Amino acid sequence: MTKIKIATEWLESCAGCHMSLLDIDERILELLKYVEITSSPLTDLKHPPEEGVDVGILSGGIGNSDQEKKAKEMRKKCKILVALGDCAVFGGICNLRNFFPKEEVLNRGFVETESTSKGKIPKSEVLGELTDQVSGVNKVVKVDVYIPGCPPSADSIYYALTELVNGRIPVLEGDLLHYD
Amino acid sequence: MALYRAHVIVSIDSFSILKGAIEVKDTLIDKLKKYKLDQEVKVLEMSTLGQIKDVPVILIYPEKVVYAPVKVEDIDEIVEEHLLKGRVVKRLIKELPWLPKKPKLEEARIVLSNAGLIDPELIEEYIANDGYVALGKVVKEMKPDEVLEVIENSNLLGRGGAAFPTGLKWKFTRKAKGEPKYIIANADESEPGTFKDRLILEGDPHRIIEAMVIAGFAVGSHIGYIYIRGEYALVIERIKNAINQAHNMGFLGENIFGSDFNFEIKIHKGAGAYVCGEETALIESIEGKRGEPRTRPPYPPTYGLWGKPTVVNNVETFANVPPIIRNGPDWFKRFGTERCSGTKVYTILGNINNKGLIEVPMGISLRDVINIYGDGIPGDKKFKLAQTGGTSGSIIPESMLDVPMDYASMMEAGAALGSGALLICDETNCIVDLLKPLTHFFNYESCGKCVPCRVGTTKIYKIIERISRGGGLNTDISMLEDISKTMAATSLCGLGQAAAVPVLSAIKHFRGEIETHIFDKICPLGVCKI
Amino acid sequence: MAEITLIINGKKVKGETEDTILDVCEKNGIDVPTLCHFKGLTDVGACRMCIVEIGEERVAINTACTTQALDGMVVKTDTERLNNLRKINIELLLAERNHFCMFCEMSGDCELQDLAYRFKIDYIRYPLLFPKLPLDASHKYIIIDHNRCILCGRCIRACDELEANHTLDFRERGWQKMINIDLNSTLRESTCTSCGSCIQVCPTGAIFDKKSPYLGRSEECEFTKTVCSECSVGCGTEIVTRANHILRINGNFDSDVSRGLLCDKGRFEPLYKEKKRYLKPMVRVNGELKESDWEEATKIMVEKIGGMDGKDIAGLVSARATNETIDLFKKLINNVFCSENIGMLHGPITTIKGKGSLNKILESDLIIVVGADFSKDHKVVRSLIKRAVVKNDSSLILVNSNANNLSSYAKLLLKKEELEKVNEEISMANEVSIIFGYKISGDVEKWISKYGGEVNLIGLMPGTNSLGAYKLGINRNFKPRKARGLYILAVDEDNDILENIIEEAKKSEFVVLQTSYENVLSKEADLIIPSMMWAERSGNYTNMEGKTQEVNKSITSPPEVKDDREIMVSIADKIGKFLS
């Protein structure tokens, strides 16, 4: 049978959600019978393939213009988009910078840090621009499945993936649904 | 008591003061002194004569001539020509909608029969106009149950917005156990656009006092409170004065009319909270607590002020009581429709030629009010929508212009009459721009006790505000509907339940216009700065 | 109270006339989600979670916690419409303030989170607003974080109805509504009495204590119901432990004595004491205390104390010891060491004949407080007095006491010479409570005894189990004869009690100190036997009402620390006498 193609990407995040994905341990061998992981920060391929994938997984929130682009690219190239982890669902811990104006944040990070002397806020066309506020990915793209957690447990991720493999939209409840 | 041959009433209120009313009045008094007319002509202040545009207003009796707008430069002419020589100054004449020389629609002045015609500071003038006759009749010739019968038979519905049968409310209070019982007049009038109670209280304060004593007699109460919003300084003064005069004449206090019935009235000042117009929040406010509504049941007739049976009625409702007692319930039922007897006082505002107050029988259509009373929409613009019932009222599109305005018919049509403010909007108004201050008002006035209203009004305002800036999201309309329906179903009091109404009715009748703001990110009328 | 029948979710269920719909549901095991409801506090219907459908033809939606249950009412609690409305309600709450579960101390124990899980909310639809809200960590024990507050008002009601202090209330309205402390003060500078009731009733992580965060969620902890050891009220407590470590002390709402109320002395201070614990027996060698073992300790005990004549031996016991321990100690001193010289560390107590219960304070229309302080202990009694005065309009008379700042609530403030003035007040009242402290003079004692039988009489005790010790026959002044051998069963007694014995200890030849922590007597001790502290003990206490309550251990003592009774039995055994 044809395997389900999956692509993942991490945005404004700590990579914990991807670690949790790997935490499904030996179950990944079973999963790989039905799933092909195409592009991901953990594999060699860094962009989703041209022909698209079935399931796109985004972890991390939207904090700069670069991440906006990546999120839109993933949305274009997949049928079902999964927001993995609190940051992707609503901004998570990264939301903490929303209490301060963008300029203050950049100043604190690049100029005022104790170990910096003569700091400057970097500006270049290649660098992305910080968004005014951090948000979940659903601010810029339509999301089909939300998996909250910080990170979501390996069990939750495994359950969600198996449901998707079986053609169902996963509904998390009980122990699999947690925000921490 | 000095006898004057003429009375000149000058409108002194916020609109008029901005246009120089105080200078007008002072100039008038000076001029009268100069012409030695100050012993013959009395100058009175009255807060609102129902006008908003074309102020200040001068009303001269006995001719019942209205001059508006009046500038300081006109005073000379008015005093010389009209007061001295008896010749009317034609160029300044204006017709007040609620004091029409030639009534445009049916003559139906029940509630406003005295306002503007008597000196509100003289109890004698009230008595001369059948004042306190009803109270005398009640206390000397009737039994409490008979009074209840009369009010119930008259079909008088509460005029504060909820339209609960007044007779039934009084009956419940009478039956309930607990002493002492209380009568409360709700003069908090904070609904934006409504100022009818102010006119009634400033122009005819004794009427409310009389009605409250009658209610006390019927229900078995000896103490009344008038809860007046703190901003109504003149009203508070006038009522205080009226209470003193009524005491002196034996209409308040011990042994009213020589009977063994006593009644006291106290004044409580509001402090600027719209939510304190809600009856249980009002009661909490009088008790000295935060003005937050109570859960119901139990209702005030069983558990009200200090836990005792309490009648809470709107000022306009009370204003109907003395005439009903004097003339009987059948007389009252001649006005209005079969299901809703009597009249209603409306304040007409917005894009309309003749703004102000009118009193018309129940059942008149909105179209008639606009065309006949309001003299139509200025600039020949087309009617777009009206909001009846104040900020929490429903949005009425053109298709509903002929619905008879009475509580029952409006409810069947899916709208609410509320307290009687009519906001008329022409085709240049943007629905989103209209909703912005509305939703902000509820957000600002929510007491914060229950979750759906506290958070719901915040979210609704933020969403509308964002839409008006061009930041609308695809999910906005469904979010507005969800939040509004939740507020309507689960809010603790009428504020939350009603705050949802304008939003839902706007979506129902003007969805396309809102969607244009959201999806196309433009304001079709060019009002919102996107 | 008559029985009524309702039809809830199609089934006939029974309730009583004064019940609310929620009461009937709770009595019949029907689960209705709640948030601002807390058993023991008045209901306000603010959160709108317990909405139910009432009626058949015209269905009204109203909150179950505030609607009185009427006979024949038809109620539905679990329809799709209700659950939809409840779900949107929770979503609105989650979108109102800053709820970050991932680093919240209460995650896993949060009622808001539990409801969100229950309604399977996996994302928040409404854009978040990130209001900037303050956090008040000024207080020694309590933190208030307004970012997590859902404005349910439970803390306000607990502070007002349980502690009767009303330090907390709301300020502002609408979305600017906040929990307010006094006149917008910080918690540290406020009138807060640190009773901690607010912590226990707060459903989210808005109010929490400083010691227990991140040390364990409820599902990982053990809960032991016991009784507080800090004074003679004997409030019911619940000790939260994990891996043999005490995380938190909660009030027990099922306790007849305290109904969930505690004070800072019982709730917080026991966890803030930093004292050196004795883990092994210690013997004084050349002026220095050196670690020893049980063999040696018992040997020395038998030699030194066992070798003395009965009249040269004296025993002193702390009122923090359980009845069983005190009983055995008495038998040890009397029968094994053949001495009659046994007393309480805090000295003798005054008892006046009469019956009393703390609950009756709330039913009294006249409360007389004589010579009682309440600044160090028995604070819960003060809370009950204040509650009676503020909520039930009881009259208060203070004699030789200001009851720790209750003067402004008192009808009369008298000195003890003016006691006669109270007689008339008593004759005019219906129910009278007299509460007296433990340092009253003889003539005051005589005056109180006059009324002992007729009033609700409550005598505060200087120690936790003083009344228990008294009933076991220990109530004498320890006469300063030259006791050559002194056996002090101090357990975890406070220094200010132990201070009074330093002089006696100095005069003795050999001092045995059976205690948990290093204290002011350690310097005088020749032999230190490690003793269990309050959380490791089991037994029972008799409180000042005369009620005997069970003390249950919540943690296990360190391996070398044995039960006091076990120690005494083995000492007796070594001497060759049997002790049961």
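Modeller: Chain B gives 33 residues to its contact with chain C, and chain C gives 32. Contact means heavy atoms within 4.5 Å. This is a predicted model: local features need pLDDT of at least 70, side-chain atom pairs count only at pLDDT 80 or more, and totals for chains, interfaces and linings use all residues. Residues are numbered from 1 along each chain as its sequence is written, chains are lettered from A and ligands numbered from 1 in the order written, and side-chain values use heavy atoms, without hydrogens and water.

Of the 2 pairs of chains that touch, B and C have the most contacts. They bury about 2700 Å² between them, 58% of it from carbon and sulfur atoms. Buried area is the accessible area (1.4 Å probe) that two parts lose on being put together, summed over both. On the chain B side, B:R290, B:R454 and B:K459 lose the most area to chain C, together 22% of what that side buries.

Now chain A. It does not touch chain B; their nearest C-alpha atoms are 9 Å apart.

Next, a pocket. A pocket is an open set of points on a 1 Å grid over the protein atoms alone, where a 1.4 Å probe fits, with protein on both sides within 12 Å along at least five of seven lines; lining residues have an atom within 4 Å of a point. Of its 45 lining residues, C:T42, C:D43, C:V44, C:R157 and C:E161 are closest to the centre. Helix 4 of chain C gives the largest share, 6 residues. Helices (H or I, at least four residues) are DSSP runs, numbered from the N terminus.

Helix 4 also meets helix 10 (residues 379–392) of chain C; their axes come within 8 Å and cross at roughly 90 degrees. Axes are lines fitted to C-alpha atoms over the stretch in contact, with angles from 0 to 180 degrees between N-to-C directions. So helix 4 of chain C is roughly perpendicular to helix 10 of chain C, a term for 65 to 115 degrees. C:D160, C:E161 and C:L162 of helix 4 make the contact with C:S383, C:R387 and C:K391 of helix 10.

Conventions: Helices (H or I, at least four residues) and strands (E, at least two) are DSSP runs, numbered from the N terminus. Angles under 35 degrees count as roughly parallel, over 145 as roughly antiparallel, 65 to 115 as roughly perpendicular and the rest as oblique.
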